[in-house]
Amino acid sequence: MSRTLTFPSSDAPALPIVSLDVPDDWHVLSTTAALLATAKEVAQGEFRPNVVVAISRFGTGYTLDTAIQSVIDKVGSIEGVAELGRDRPEVLGRAGFRIEFSYPDARAGALIQAVRLALVSNGPALDLVQVTATATAAQAMEIWPEIRAIQASATLS
């Protein structure tokens, strides 16, 4: 006997629907491994500040603390990284985590990144939603509040 497994279904639910509110000069960005991404309009040849939403599925034993430690370890492994701050704000209306850091990049100079995480219970699975923003240090001086607002606007539909 056999059966058919389908995605999405009750056994394999659809991924969460995440929405971002963005200013008029931010547009959809197509990028690998991102379910939703947006980038600010900039002059040709400049680094495009961006916010990327990625979702990873885990089994029921996965925890937010495990996800946080994984991100902290990954950030700590970046050569020349300087952590700028971290806290545990709500993300997607639930317990979350935020870390911001800078690191040198050979092409763009110093980059600033902000990562926000939340874990979404989804039937038999847990979905880790990661909202990552990136800008150059020079751009961040002007638009970091805008980037933080975009990240904070993330909601589940």
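1. Asp 87 is partly exposed in this predicted model, with a relative accessible area of 34%, where buried means under 20% relative accessible area, exposed over 50% and partly exposed in between, with a 1.4 Å probe and protein chains only. Asp 87 is joined to Arg 98 by a salt bridge, the closest N and O atoms being 2.9 Å apart; a salt bridge is here a side-chain nitrogen of Lys or Arg within 4 Å of a carboxyl oxygen of Asp or Glu. Because Arg 98 lies in strand β7 (residues 94–105) and Asp 87 in strand β5 (residues 82–87), the pair ties together parts that are eleven residues apart in sequence. Arg 98 counts as buried, at 13% relative accessibility. A network of salt bridges links Asp 87, Arg 98, Glu 100 and Arg 148.

2. Residues are numbered from 1 along each chain as its sequence is written, and side-chain values use heavy atoms, with hydrogens and water left out. As this is a predicted model, local features need pLDDT of at least 70 and side-chain atom pairs count only at pLDDT 80 or more, whereas totals for chains, interfaces and linings use all residues. Helices (H or I, at least four residues) and strands (E, at least two) are DSSP runs, numbered from the N terminus.

3. How many salt bridges does the count come to? The count comes to nine salt bridges, and side chains of opposite charge can pair in this way when their charged atoms come close. One of them is formed by Lys 40 with Asp 25, with the closest N and O atoms 2.5 Å apart. This pair links distant parts of the chain, since Lys 40 is in strand β3 and Asp 25 is in the loop between β1 (18–19) and β2, 15 residues apart. Lys 40 counts as buried at 14% relative accessibility, while Asp 25 is partly exposed, with a relative accessible area of 27%.

4. Another salt bridge is the one in which the side chains of Arg 57 and Asp 127 meet, at 2.7 Å from N to O. Here too distant parts of the chain are linked, with Arg 57 in strand β4 and Asp 127 in strand β9, 70 residues apart. Asp 127 is buried, with a relative accessible area of 0%, whereas Arg 57 counts as partly exposed at 31% relative accessibility.

5. Which residues have the most contacts inside the largest nonpolar core? They are Val 18, Val 51, Leu 92, Val 129, Trp 144 and Ile 147, in a core of 22 residues; a nonpolar core is a set of buried Ala, Val, Leu, Ile, Met, Phe, Trp, Tyr and Cys residues joined through side-chain atoms within 4.5 Å. The elements that give two or more residues to this core are β4 (50–58), β8 (109–122), β9 (125–136) and α2 (137–152), and α2 gives the most, with five residues.

6. Leu 92 deserves a separate remark on its backbone. Its phi is near 60 degrees, a positive value in a residue other than glycine. Leu 92 lies in the loop between β6 (90–91) and β7, and at 8% relative accessibility Leu 92 counts as buried.

7. The aromatic pairs come to a count of two, where rings of Phe, Tyr and Trp (its six-membered ring) pair if their centres lie within 6.5 Å, and planes under 30 degrees apart count as stacked, over 60 as edge-to-face and the rest as tilted. The rings of Phe 58 and Tyr 62 have centres 3.7 Å apart and planes at 5 degrees, so this pair is stacked. The rings of Phe 101 and Tyr 103 have centres 6.1 Å apart and planes at 25 degrees, so this pair is stacked as well. Phe 58 is partly exposed, with a relative accessible area of 29%, whereas Phe 101 is buried, with a relative accessible area of 2%.
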